Amino acid sequence: MRDPMGDPGPVTDEELRRLRWQCRRGMLELDHLLSGFLDRGYRELDAPGRTEFLALLDNQDQELSDWFMSRSIPEDPVVRDLVRHIVAVVTPRRT
Amino acid sequence: MSIPSRHFDALIIGAGGAGLNAALQLASADVRVAVVSKVFPTRSHTVAAQGGVNAALANVLPDNWHWHMFDTVKGSDYLGDQDAIEFMCREAIPTVYELEHAGVPFSRLDNGKIYQRAFGGQSQDFGGDQAARTCAAADRTGHAILHTLYQQNIRARTHFFDEFFALDLVRDKDGIISGALVLEIETGEPLLIEAKATLLATGGCGQVFRTTSNAHINTGDGCAMALRAGIPLMDMEFYQFHPTGIAGKGMLITEGVRGEGGFLVNKDGERFMERYAPRAKDLASRDVVARSIVTEVKEGRGAGENGDYILLKLDHLGAEVIDKRLPGIRESSRIFAGADPIREPIPVFPTAHYAMGGIPTDRFGRVVVPVGSGSEQVVAGLYAAGECACASVHGANRLGGNSLLDILVFGRLAGKDIIDFVRENPYQRSVDPASLDEAMGRLTRWDQKGSGVPAHQLRAEFRKCMEDHAGVFRTEEIMTEGYQRLCELREQFKDARLTDHSKVFNTARIEALELQNLIDVGLSIAVSALHRKESRGAHSRPDYPNRDDVHWMKHSLYYREADRMDYKPVRTKPLTVESFPPKERVY
């Protein structure tokens, strides 16, 4: 049995496919941020981080958009950190 | 194989504003209604609509529906049907009040009435002073409407099939539409939903273009299903592009940026709009700015590694002005372009935004097709509403605030008409097994193994070709070349294969099914645009720069079979008032 607080093990294809559909949203901005993070950052999360990402996807589009675009700040510091982390991972680096 | 089935009085495909408003009418009248949505309903693209809903409530400035009608006819560049436009502008008022009573938290004036803001294209007294006609719920009107309608549907016991993908319409032996075959995304299993009436409300198709402001879900599914059922699409060449989307991503950068003093430069730092529009410069009309950007890129003056975008400069405005007046733009640019406009320009390119055309309907949301010469008939039991439909209220161009209005009015009216239809047609028709097999074939073809073009590669190539050859820059030469290439890609699609043949949440298979829809709908845009030899509204052709009312004041109808075109007249006679004759559009 996996340690729920530690290394969550490799991400299964089915888990990724399921999450990919949950990243399909009503706003293009959210599509880019959530799908982009799924491709580039999700695998690096520990077990609680993955659970937190799944919980984040349950929020309404408008609320997610407000958080990502800095119109409001999530009350929960864990969510706040995750939102910041997603933006940092997805934002392109310009040379 | 045996396919499980469910029976309802009405089936609605799509759970945005149009679908949910129709469903609410039906469920409230105790009609058994099913709503199929490929994503959770409150993740529909309606949630992204910020602007508001036009209705001549006259709460802020004098107004009436007749002025609203005039503005809409003029905005349509006289291609909108005046009976449908009159109907929409009249119905706007009860529609907004109904939403208010349903609980939409519209912004308020001090006197408690609904606040209304002014938008471009709105006038008092038939082209006079600015009107204030747009009702909004702060800057999240779409979200407020979508959530209210969803909650009301839950209360009214609408049956939702969330995360089900509609494969195709099915017919009975007489050819009457009798429901749809859908796919449960979680299990990968098909389900037949039989219904006496079916409403297509699947939204836009912006994903046919590489750069679009539309969400990933907007793949023209309903339009493509209609095409495959032999129904033409109407006025598909009229597609609205916003000149400044974030390059390679598509998010809108509002005109307000240029209004505040931002300007466009090419790779040499030249303010090129001075060449194309010496007076208006960066504030020229949307189509002029969009075409100028594409011309700069085509002629080798684009910026970036691939020279495929233009730069929007704001840094001269200073951090204080940008933070105060354009905070959302700064954040968007930082996140999606990696450019902080306080220090560096935003890479931009025109972005596909809104389809004026779609499945032809009358003002009750009933799908109509031509028969014989000049007349048309209703397709029994089939309805369409919202961006996928064309009741012909936007004509060649849409006014701000009229898109939410369109989905709400015609969703509502389609729902009301379906109530009568199912009462007059109480018996369920049996689905023809041949029709079901055909729909199943669309799914099972992806079970084939072996080598072939990867579907995702074809998708990218198709969307790029649409952008290059059927986007804002439309000459005979460019579009003819593009059409040939699109046909080649359509042929290649027949050999496209998937490597993932799993069933549970096989998103690659859903995307491949969407690709077929993109191809069908993309071709309808490209072919309709190639044939229309004039410039009108959003369809702008440098080789035919003028509007030609003598030859082209007519609606295009594209048929999938042999890419055939047909035409039908514009309905210039309103329901109760005098016609607005075509005039040159001057703002």
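Here is a short chat about a helix pair, a hairpin and a chain contact in a predicted model.

Biologist: How are residues and chains labelled, and what pLDDT do local features need?
Modeller: Residues are numbered from 1 along each chain as its sequence is written, and chains are lettered from A in the order in which they are written. In this predicted model, side-chain atom pairs count only at pLDDT 80 or more, totals for chains, interfaces and linings use all residues, and local features need pLDDT of at least 70.

Biologist: At roughly what angle do the axes of H1(B) and H4(B) cross?
Modeller: Helices here are DSSP runs (H or I, at least four residues), and strands are E runs of at least two, numbered from the N terminus. Axes are lines fitted to C-alpha atoms, for helices over the stretch in contact, with angles from 0 to 180 degrees between N-to-C directions. Those of H1(B), residues 17-28, and H4(B), residues 141-155, come within 9 Å and cross at roughly 30°.

Biologist: Roughly parallel or antiparallel, then?
Modeller: Angles under 35 degrees count as roughly parallel, over 145 as roughly antiparallel, 65 to 115 as roughly perpendicular and the rest as oblique. With that crossing angle, H1(B) and H4(B) are therefore roughly parallel.

Biologist: In which sense do S7(B) and S8(B) pair?
Modeller: Strands pair if DSSP finds at least two bridges between them. S7(B) (164-171) and S8(B) (177-184) have six bridges, and the sense is antiparallel.

Biologist: Which residue in that hairpin takes a positive phi?
Modeller: Five residues lie between the strands. The one with phi near 90° is Gly175(B).

Biologist: Which helix gives the most to chain A's side touching chain B?
Modeller: Residues are in contact if their C-beta atoms, placed from the backbone, lie within 7 Å. Chain A puts in 23 residues and chain B 32. With five residues, the helix giving the most on chain A's side is H1(A).

How values were computed: Two residues are in contact if their C-beta atoms, placed from the backbone, lie within 7 Å. A residue is buried if 20 or more other C-beta atoms lie within 10 Å of its own, exposed if 12 or fewer, and partly exposed in between; C-beta atoms are placed from the backbone.
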